[in-house]
Amino acid sequence: MPSIYSFFRYIPFVVEGTLWTISLVLGGLVIGFFIGLSLALVQSFGGERLKKMLNIYIWFFRGTPLLVLLSLFYWAVFPSLGLELSPLETSIAVLGMRSGAYQSQIFKDSINSVDYGQILAARSIGMSNRKLISYIVLPQALRISIPAWSNEYAVILKDSAICFALGVMEILTRVRYVSTATGLALLPYLFAGVLFFILTFAGTGVMDFVYRRAKIPGMLEGLR
Amino acid sequence: MGKILAFLLLGIVIGLAAGYLLVSSVTAPSQNKCLYEAGKFSGVPKKGEQVVVVYGFDANYPPFTVMQPNGTPIGFDVDVVNMIAKKYGWKIIYKPWDWSTIVTALEKGDLDIIASGMTITSARSQKIWFSIPYYSYVHQIVARRNDTRSLSKILNSGDYIAVQSGSTADEWADRLLKAGYKFKKLGLGSYTSALKALLDGRASAFITDSAFLGPYLKKNPDIENKVKVLGNLGAPYNYAIATRPQDKWLRDKINAALEELMDNPKWNELLKKWGLG
Amino acid sequence: MKVVIKAENVWKKYGSTIALRGASLELREGETKVIIGPSGAGKSTFLKCLNLLIRPDEGRICIDGEEITSLKADIIRLRQKIGFVFQEFNLFHHLTAVGNITIGLTKVKGMSKEDALEKAKRVLKMVHIGEDLWNKYPAQLSGGQKQRVAIARALAMDPLVMLYDEPTSALDPGLSSEVLLVIKDLSERGITSLVVTHEMGFAYEVADTIAIMNNGRIIEEGSPEEMEYMKTKEARNILNRWNGMKNGVLA
């Protein structure tokens, strides 16, 4: 009979995986943020041809399974560009590019939800497009994005497990190994669940903090 | 407002910095870059040069490869690789890799060898070349001991039959379905979880290979009392060590070492140690 | 007196509907002009064309002697000469009353934060927004307060002329008067104003000239006293229909 004690010796091994998971999630989210925001701005304010090109990007990254993207970029795309990225770096880059495709939709929606009247008003006091985007549209759009963005954090946390396809030993891979090694099915996964819960909780906690700090009376109440 | 934007930006910068630090610190020790040219082990290495072999495995397959609490693997295959390495004085780098991409990783040079209960198949042989086989097994179909139905009854019962998804057992299930048997396939993540499904009653049978089942039942006698082998499927399959086609020198060395090992009486001890004898 | 805005033969089409059919208008320094006309006459479109929030298909518009419709025009700079007040206020939701005003001063005019704040307070006082409301966000203000902040926002940029696009039609009748009083007050201080409104009482009381717009163009203009002697039948009909509103909101 598998002993529960045998699992405890594996706890440090599993916990070490959080480091990898956190780098994947954090790196992916940050890269995705910049890609997503740029894509969204072009989609809302850019020219038609550029929009079409970006739609191809979004369609590609949303439509292709993550496993395929990881293999493709690690073994084909990056090497052909002369980039020697490690599996972890590749995983972060791919998670980021993919998340960027998803985040662009979040930001696009929130940019569109800033009503056009305010853009007219900003123009009427002599703001250029660049100024009105940075001082009027983005401050509101980013606030509006926060709830959906928290959700993206949870999604990418879940997706990070697939990065083992490139040998990145994040939490779930380790747990799978531990489950096999100890013959315990429930306990290791329960433990992983707790780790993920803590990560999710911490992440949404940070977002909630930002949300509260950024909150403006009457602007976001209806959106939660 | 400016403050909040600055706050956001600061957070992003810190996140980037932290991410980068994490990446660089985590990468350094355990993520050695494996950017060897193809043909790394084609010819005899220079005199006095340390041969470093990156050993890829998916530690999901007791008793061949299992993960230890310290992050290194143990198991029958690990012992075999270590014995070969000891004979020649090679240095081994253990590299866990997902089974779904492990062949590509070997081809592209992330790994140098795979010894992880890898069956010789013709599809794999087109991309990677195998050493001489060091273990053979057959596929078996297993039911609960208290199930009195015959093999053909169970195969035509419409019940679930559990397999590990993507394994050779999975291929057997497909082959049986194609042959017209009436059951439903229950694909699970590992052999152990497929066996659990049988014990739970979620499946009426379980297709496995003897390489997994024998040692596992030996280790878990309480489970052995609950199941029975209904029959074998097809001819034996072989496990071998996979290498890149062009790494002829390495493969020759491995083959020579394997032959020597298997001739030695210690081989049987090794098999016994892992419940395979 | 100097002509601040001169619009000649302005046309604007939206698909198959023609919103403006050669509208022309002249506004002199210090003048207060009210544009009236039935809905769909193109008043709002015309007003937005004047600072190129809508680009007309045809026609020439000059602001302070510079042609804003020219392709070489520095629209950003010329727009600053025109204060625009919208029907729906269009305050920036994420900024306080003061912030709505200072953002333009600091980011467009390049003023220091302190100077901008000083100025914001001054214009807010001009539109009768008390200190208790300075740090309120738009959602915390009443409609009338919002519109007065919007007027202050436009005013703070020191425009040559203020354009008001139906400034009270989104307000409850009770709240209209506080806004109209402010506009009247500003007009009496000599600020050049162009007002599109349905408030006939206000028009008769405040306007130097009333322009009647119908079917995408200005059909006739005149002082409030001349309204009874309009030359065209079209103008007289419109006026008759609107006379019911003459008993103004400004007591």
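Which strand pairs with β7(C) in the parallel sense over 5 bridges? The partner is strand β8 (residues 192–196) of chain C. Strands here are DSSP runs (E, at least two residues), helices are DSSP runs (H or I, at least four), and both are numbered from the N terminus. Two strands pair if DSSP finds at least two bridges between them. The model is predicted: local features need pLDDT of at least 70, side-chain atom pairs count only at pLDDT 80 or more, and totals for chains, interfaces and linings use all residues. Residues are numbered from 1 along each chain as its sequence is written, while chains are lettered from A and ligands numbered from 1 in the order in which they are written.

Strand β7(C) covers residues 161–165. It also pairs with β6(C), in the parallel sense, over 4 bridges. Ile82(C) stands opposite Val161(C) in β7(C). On the β8(C) pairing, Met162(C) stands opposite Ser193(C). All 5 of the 5 residues of β7(C) are buried, so the strand is largely enclosed by the rest of the structure. A buried residue has 20 or more other C-beta atoms within 10 Å of its own (exposed: 12 or fewer; partly exposed: in between; C-beta atoms are placed from the backbone). Both faces of β7(C) are covered. Val161(C), Leu163(C) and Asp165(C) lie on one side, and Met162(C) and Tyr164(C) on the other.

Leu163(C) also belongs to the largest nonpolar core, which has 205 residues. Such a core is a set of buried Ala, Val, Leu, Ile, Met, Phe, Trp, Tyr and Cys residues joined through C-beta atoms within 7 Å. Ile114(B), Ala162(B), Phe206(B), Ala152(C) and Leu163(C) touch the most other members. Domain 1 (52–134 + 240–273) and domain 2 (137–237) of chain B both give residues to this core, so the core lies between them. Leu163(C) touches Leu47(C), Leu50(C), Ile82(C), Gly83(C), Phe84(C), Val85(C) and Leu194(C), leaving aside residues up to four places away in sequence. Contact means that two C-beta atoms, placed from the backbone, lie within 7 Å.

The two domains of chain B have bounds that come from an automatic or database domain assignment. Their C-alpha centres lie 27 Å apart. The contact takes 5 residues from domain 1 of chain B and 6 residues from domain 2 of chain B.

Chain C also holds an open sheet of 4 strands. The order is β2-β1-β4-β5, with antiparallel pairing. Strands β2 (17–28) and β5 (66–67) are the edges, and each pairs on one side only. Between β1 (residues 3–14) and β2(C) there are 9 bridges. Trp11(C) stands opposite Arg21(C) in β2(C). Helix α1 (residues 43–50) of chain C lies across β1, β2 and β4 (58–63), running at about 120° to β1(C). Axes are lines fitted to C-alpha atoms, for helices over the stretch in contact, and angles run from 0 to 180 degrees between N-to-C directions.

Chain A has 9 helices and 0 strands. Its C-alpha trace spans about 75 × 45 × 25 Å along the principal axes. Buried residues make up 48% of the 224 residues in chain A. In helix α6 (residues 116–124) of chain A, the buried residues are Gln118(A), Ala121(A), Ala122(A), Arg123(A) and Ser124(A). Their cover includes α7 (129–159) of chain A together with α2 (75–79) and β6 (82–85) of chain C. Just after α6(A), Gly126(A) takes a positive phi of about 95°.
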